[in-house]
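Hi,

Here is the structure I promised to pass on. Have a look at it first, and then read my notes below.

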Amino acid sequence: MNEIHAINGPVVKIKGKTDFQILEMVFVGTKKLLGEVISISEQETVIQVYESTSGLRPGEPVINTGEPISLDLGPGLIRNIFDGIERPLQSIAERSGNYIVPGTDVKSLDEEKGWDVTFTCKIGDVLTSNQVFATIQETDLVLHKLMIPQGLNGEVVKMKKDGKYTIRDILIEIKDKLGNIHKLDMVQRWPIKTARPFLDRKTLSIPLISGQRVIDTLFPIAKGGTAAVPGGFGTGKTMMQHQFAKWCDADIIVYIGCGERGNEMTQTLEEFKDLIDPKSGKPLIDRTILIANTSNMPVAAREASIYTGITMAEYYRDMGYHVAIMADSTSRWAEALREISGRLEEMPAEEGFPAYLPSRLSQFYERAGYVENINHTEGSVSIIGAISPQGADFSEPVTQNTKRFVRCFWALDKELAYMRHYAAINWTQSYSEYISDLAKWYNKNVGVAFLQDRQRFVSILAEENKLMEIVKLIGKDVLPDDQKLLLEIARVIRVGYLQQNAFHKDDTYVPLPKQLKMMEIILYLYRGAQSILTQGKAFSLLAQTNIFEKIIKIKYDIPNDHLEMFDDYYKLVDDTLRSIK
């Protein structure tokens, strides 16, 4: 029998040679704690345990399972709250109260609940991998599609009738080419560290619309794309991910609270239950999976939670859904890697992080993508990963290595956050590499002027940034009038366009047509004001008209469904400029 020889936090060692496999799932000790084999040699086998090892003793048994760490994938994932290794927290709370008892054995999915199954196949049909054989209305917003497991092809020889069944009831029987009979229920098992296969990776050419102007206009993300959201404490990372989860045009949201503070995670979970999906009017939780792995939970499970979330997302992607993952935060995940690496006495790299940090980050972010599935549907997984650099230092290893693998970087600024500027995305430090990929879509669906106006905004903000260096030294009054005008228009862009009010009924989400019209009226005012200055009139006369403040208030004064009101503002600009004598 394989017995524990040494225990060091979440790391357990077995002395001598074993018949375990690398990355195999094992049960450790008499309480059967879940663990994973991470190192094998002639001298010892090393296991990382995903539960608290308090009370574990040398000499206790370690039992192998013959399979890697895997998830049960089936109906019941949506609306549920799991820990990092797919244990449903609500079921655990009912059994053991507010604390997870080590070795708690709770089924990931409810095996007693009945689901109304509608079959989409008949006896004699030949089905292939990932082909849908039945559907279940999992929630009001999600139609769950039961698929043939990966690698299985064959003829339907037996099946149930439409009706109510539990997830472990045998629904159909498939006979493969060798004559073997495969009995299928509603559940698939899938290893969390193995990406689910697909036929083809598509070009990322469709934006993931969020209704947040600074994102959709300046730094858009594509469906199937990746974005990093670094920011110091209090800069609004979680708030921004909440807003993005609520409004982005993804079908399903997977929110991973990875190593965050318990009180913050509790607030997040409560808010998600109360939020209403603006598109359907149903609770947002009806298309959301929550994974809660707080900072006081076992550190190894923090590492697993990222893979748990991405595996669930890929499962729904295979059904043809567009899934968005909110990972909050990957810094805590990297800290878990660092702690486990230290326990393993591995050679540390920069700031104590393991040398394989970049490869682990790439393995996570590269599982995003817009793909053609094996069943010839299309789906996507988009990843928005928050980063919590200490002291808001973006030069630290997690932020720098993440930038290598993401194409969208939304740098949150502490000063903007303290000024109540939401979203506090710094427009000089942030970037998006998706602009050229999305240009065709924007030109066709919004208008050619959209990206042209965006580029003009970027230029004005860049000029403002240069001029502010001069203003800090010698003051604004010494600038010529044309530069004073540029600074004022930049302020209109910052306050009237980039700053958004998440609690205002019209400003919390702004559709792309309104975003375009807002840009156009601001630039129309800029061109008209420049014309006034070329006539020799002073900028101070322009400032006295209060026209800049009126344009700033457009975001509140024009409802999203009354864009014809912009015509009145064009007339207001013209009348105001003509009145300057």
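**The largest pocket**

Sorted by class, its lining has 15 nonpolar, ten polar and five charged residues. Do keep in mind as you read that this is a predicted model.

**The cavity**

How many cavities of 30 Å³ or more does the structure hold? There is one, and about 30 Å³ of space lies in the largest cavity. Its lining is made up of Phe-133, Leu-146, Met-147, Asp-185, Met-186, Val-187, Gln-188 and Tyr-315. By class, that gives six nonpolar residues, one polar and one charged.

**A four-stranded sheet**

There is also an open sheet to look at, built from four strands in the order β10-β13-β15-β16, with antiparallel pairing. Which strands sit at the edges? They are β10 (126-127) and β16 (181-184), and each of them pairs on one side only. On the β10 side, the partner is β13 (residues 154-159), and the two are joined in the antiparallel sense over two bridges. If you want to find the spot on screen, go to Leu-127, whose bridge partner in β13 is Gly-154.

Cheers

Terms used: Residues numbered from 1 in each chain as written. Predicted model: local features only at pLDDT ≥ 70, side-chain atom pairs only at ≥ 80, totals over all residues. Heavy atoms only, no water. Pairing = 2+ DSSP bridges. 1 Å grid on protein atoms, 1.4 Å probe; cavity = no way out; pocket = protein on both sides within 12 Å on 5 of 7 lines; lining within 4 Å. Points joined across faces, edges and corners; volume = space filled by probe spheres on them. Nonpolar A, V, L, I, M, F, W, Y, C, P; charged D, E, K, R; others polar.
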